[in-house]
Amino acid sequence: EKENATRDEKLKEICQLLSDNVSYYDWVGFYFANHEAKTLHLGPYVGAETDHTVIPFGKGICGQVAESNANFVVPDVKAQDNYIACSFTVKSEIVVPLFVNGVNIGQIDIDSHVLDPFTAADERFLEFVNEEVAKLF
Ligand code: SME
């Protein structure tokens, strides 16, 4: 029953909905910040298992967004030098920070097997998703 689902169950359902309904969303997950340790920690996700369950601030696309507080769209991961590869099938990535009361508490991270699929519409859509997710906190 949805109304009894825990927050993590709801987040996982959101990941599943996104990956099921957008053809080029191949891995969808949330990372959450530990501001004291300056690390990101993998939360609910849908897609291939990843070794990168803890990411230091500043490292990779995710770590950079933890510090910049800004969306990061990567049309071609091969063109990034500060990038953490999770799978060789991933060609592009989008990371949108999650703000709760103005604090960047984490992010939604989406990997795609398609080259350069993300537009401004994805950014606006994922900002909206994160505004809804923020209400769970
Ligand atoms: N590619 C990310 C690491 C997380 S995986 O995509 C799940 C990065 O460079 O931060």
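Modeller: A nonpolar core is a set of buried Ala, Val, Leu, Ile, Met, Phe, Trp, Tyr and Cys residues joined through C-beta atoms within 7 Å. With that in mind we can look at the structure above, which is a predicted model.

Colleague: What is the mean pLDDT of the protein?

Modeller: For the complex, the predictor gives an ipTM of 0.95 and a pTM of 0.96. In the protein, 97% of the residues reach a pLDDT of 70 or more, and the mean pLDDT is 96.

Colleague: In what order do the elements of the protein run from the N terminus on?

Modeller: The secondary structure of the protein is made up of three helices and six strands. Read from the N terminus on, these elements follow the order α-β-β-β-α-β-β-β-α.

Colleague: What is the radius of gyration of the protein, and what does the globule rule give for 137 residues?

Modeller: The C-alpha trace of the protein spans about 40 × 35 × 30 Å along its principal axes. The protein is as compact as a globular protein of that length, because its radius of gyration is close to what the globule rule gives for 137 residues: the value for the protein is 14 Å, and that from the rule is 14 Å.

Colleague: Among contacts between residues at least 6 apart in sequence, what percentage join residues at least 24 apart?

Modeller: As background, 30% of the 137 residues of the protein count as buried. Among the contacts in the protein between residues at least 6 apart in sequence, the part that joins residues at least 24 apart is 47%.

Colleague: Which element gives the most to the largest nonpolar core?

Modeller: This core holds 26 residues, of which Val28, Leu40, Cys62, Ile94, Val95, Ile108 and Ile110 touch the most other members. Two or more residues come from each of helix 1 (7-21), strand 1, strand 2, helix 2, strand 5, strand 6 and helix 3. The element that gives the most to this core, with five residues, is strand 1.

Colleague: Which residues does Val28 touch, not counting those up to four places away in sequence?

Modeller: Val28 is one of the residues that touch the most other members of the largest nonpolar core. Once residues up to four places away in sequence are set aside, the residues that Val28 touches are Cys15, Leu18, Ser19, Tyr45, Val46, Gly47 and Ile110.

Colleague: Which element gives the most to the shell around the ligand?

Modeller: There are 14 residues around the ligand, and Gly60, Ile61, Cys62, Ile84 and Cys86 come nearest. The residues of this shell divide into seven nonpolar, four polar and three charged. At least two residues of the shell are supplied by each of helix 2 (60-68) and strand 6 (103-112), and the element that gives the most, with four residues, is helix 2.

Colleague: Against which strands do the buried residues of helix 2 pack?

Modeller: The buried residues in helix 2 are Gly60, Ile61, Cys62, Gly63, Val65 and Ala66. The strands they pack against are strand 1 (27-34), strand 2 (39-46), strand 3 (54-56), strand 4, strand 5 and strand 6.

Colleague: Near what value is the phi of Asn101?

Modeller: Asn101 lies in the loop between strand 5 (92-100) and strand 6, and Asn101 is exposed, with 7 other C-beta atoms within 10 Å. Most residues other than glycine have a negative phi. The phi of Asn101, by contrast, is positive, with a value near 50 degrees.

Colleague: With which residues is Val133 in contact, leaving aside its neighbours within four places in sequence?

Modeller: Val133 belongs to helix 3 (residues 120-134), and with 21 C-beta neighbours inside 10 Å Val133 counts as buried. Leaving aside neighbours within four places in sequence, the contacts of Val133 are Leu11, Ile14 and Leu98.

Colleague: What distance separates the C-alpha atoms of Leu42 and Gly29?

Modeller: Leu42 lies in strand 2 and counts as partly exposed, with 18 C-beta neighbours inside 10 Å. Apart from neighbours within four places in sequence, Leu42 is in contact with Gly29, Tyr31, Thr50 and Thr53. Leu42 and Gly29 are 13 residues apart along the chain, and their C-alpha atoms are separated by 7.6 Å.

Methods:
Residues numbered from 1 in each chain as written. Predicted model: local features only at pLDDT ≥ 70, side-chain atom pairs only at ≥ 80, totals over all residues. Near = placed C-beta within 6 Å. Nonpolar A, V, L, I, M, F, W, Y, C, P; charged D, E, K, R; others polar. Rg over C-alpha atoms; globule rule 2.2 N^0.38 Å. Buried ≥ 20, exposed ≤ 12 C-beta atoms within 10 Å, placed from the backbone. Contact = placed C-beta atoms within 7 Å. pLDDT = per-residue confidence, 0-100.
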